[in-house]
Amino acid sequence: MLATPLLRTKELPTLQYTSTADQFDQTWESPLSTLLGLGRAAGADFVEFFLERVNYISCLAEDDSITSISPRLSTGAGVRVFRGHADCYVSTNDLSFSGLKAALEKGLSILGLQLPTPGAFVPEINLEPLRDYATLRGKESWLSQCSSMREMGEVLLDANAHLQQKASHIQSRRAVYFRDWQEVMVASSDGTFARDIRLTQSVGCNLLCADGAHRSSISERSGNTSDPNFLRRWDFQSAAEGIAESAGKMLYADYVESGTYPIVMANKFGGVIFHEACGHLLETTQIEKRVTPFLDKKGEKIAHESLTAWDEGLTSDAFGTIDMDDEGMPAQRTLLIERGVLKNFLADRAGSVRTGHPRTGSGRRQNYTFAAASRMRNTYIAPGEHSLEDLFASIDRGIYCKKMGGGSVGATGQFNFAVDEAYLIENGKLTKPLKGATLIGEAKEIMNKISMCSNDLDLAAGFCGSVSGSVYVTVGQPHIKVDAITVGGR
């Protein structure tokens with residue numbers, strides 16, 4: 001077995017590396033392993049480099065015109081340094097050896113460390129053979145296969161034209177698309193050395209209708225990872241027809257009366273409440289702050305026995321799917337709640353160090369300017385044994401929340417969410433449409449009131465903001481019944 005090579009710090013200014021400038025490949029091993037060794041020799045317990053290149057573009061169509069095309073190119077790196085439970089993060093857009101070394105030196109100084117003396121030996125870190133998900137899974141050609149700007153504009157204008165045909169009393173029509181291509185490389189002093197390419201796309205429509213004092217606004221968005229032909233395959237006709245139908249029903253709907261009701265919440269984006277009101281409380285970022293009501297509840301019942309929930313990065317094409325997280329850990333499937341019992345938390349490296357919970361492949365960040373943190377991926381309530389008809393039949397008078405809107409969540413799980421499309425349930429049947437409903441509750445209470453789950457699990461694309469920026473996620477659930485929840489209205 002070959003001995004680990006040693007360098008003297010005085011040799012560093014003379015080192016010459018020929019890393020590939022426009023791609024993260026095997027040629028980056030030598031400079032990164034040298035820098036990692038330098039950080040360890042300085043006294044750091046752990047050092048990580050995250051390299052990133054981004055090619056992003058978005059396109060917006062308003063009514064019958066393209067009103068915005070926004071491209072963005074970026075390249076940069078971040079270095080994270082740990083010393084005990086403390087850590088710091090420094091980012092730079094200078095990917096030269098000297099630029100990365102300067103960022104490392106800054107990070108070390110923040111933690112009270114400094115580079116070794118000129119005569120010191122610096123061991124290179126033995127990195128694992130490069131785990132190159134981009135090459136293994138044929139991702140190198142994705143960017144060139146994506147839709148052109150002309151195609152983007154044509155598809156969005158066609159979608160708006162279809163909205164014009166299908167809806168009435170239109171005040172505005174909007175269609176928007178973006179494509180986010182990202183190449184990343186992670187190298188860490190524990191030997192991690194991995195590369196990936198991600199391709200995330202989303203497209204959606206919004207329709208605003210008005211007739212005198214009557215208003216309605218309905219949106220729909222879909223997302224995808226890994227399919228360069230996603231926009232070409234988007235069924236904008238079906239999307240426009242569904243949006244137009246919903247907007248028409250909500251335009252003249254009665255306002256809901258405030259009160260406490262049993263509700264049926266739709267599948268797909270209905271899962272946003274579980275994501276916001278419960279999922280965030282299971283991230284180690286919340287445990288570190290000791291603000292989650294589930295802090296010491298692992299192994300205990302925190303929800304109704306009908307509820308099982310997962311978070312994972314594996315579902316094909318889902319918006320939160322990743323082959324590896326932003327700390328180089330392969331994607332995993334994490335059981336959060338099983339029949340009401342809390343089984344696991346979501347942990348990144350820092351969260352694991354500070355809380356003791358094992359890492360779950362959940363270290364994610366918006367871009368290289370953020371340190372990774374524990375974040376959700378594809379998070380959903382598992383399907384149950386009931387039919388949708390069973391859920392409706394169990395309610396004498398309640399509300400069907402078909403389409404969720406925006407909302408807010410407090411640090412410990414208090415939430416309020418608007419309902420964009422709702423219907424009254426009377427004697428197990430849907431009757432009249434309702435608007436103006438807001439769901440108000442607290443996570444630790446609502447989780448115990450989800451008494452029935454149907455067998456029609458479906459997923460929806462979403463965006464999640466937290467301490468490491470905005471990341472792409474999936475929310476989801478089957479239709480669920482909540483036995484009682486406060487509904488704000490008129």
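These legends describe close-up views of a pocket and a cavity in a predicted model.

Residues are numbered from 1 along each chain as its sequence is written. In this predicted model, local features need pLDDT of at least 70, side-chain atom pairs count only at pLDDT 80 or more, and totals for chains, interfaces and linings use all residues; side-chain values use heavy atoms, without hydrogens and water.

**View A. Centre of the second largest pocket.** This pocket holds about 670 Å³ of space. Its lining has 39 residues, and Asp180, Gln182, Arg198, Thr200 and Tyr472 are the closest to its centre. (On a 1 Å grid over the protein atoms alone, a pocket is an open set of points with protein on both sides within 12 Å along at least five of seven lines; a cavity is a set where a 1.4 Å probe fits but cannot get out; lining residues have an atom within 4 Å of a point. A volume is the space filled by probe spheres set on the points, which are joined across faces, edges and corners.)

**View B. Strands around the second largest pocket.** β8 (193-211) is among the strands that each supply at least two lining residues, as are β7 (170-188) and β24 (469-477). β8 gives the most, with five. (Strands are DSSP runs of E, at least two residues; helices are runs of H or I, at least four; both are numbered from the N terminus.)

**View C. The largest cavity.** The whole structure has one cavity of 30 Å³ or more. The largest cavity has a volume of about 70 Å³. Its lining includes Met265, Phe274, Met447 and Gln477. α8 (272-277) and β25 (480-488) each give two or more residues. β25 gives the most, with three.
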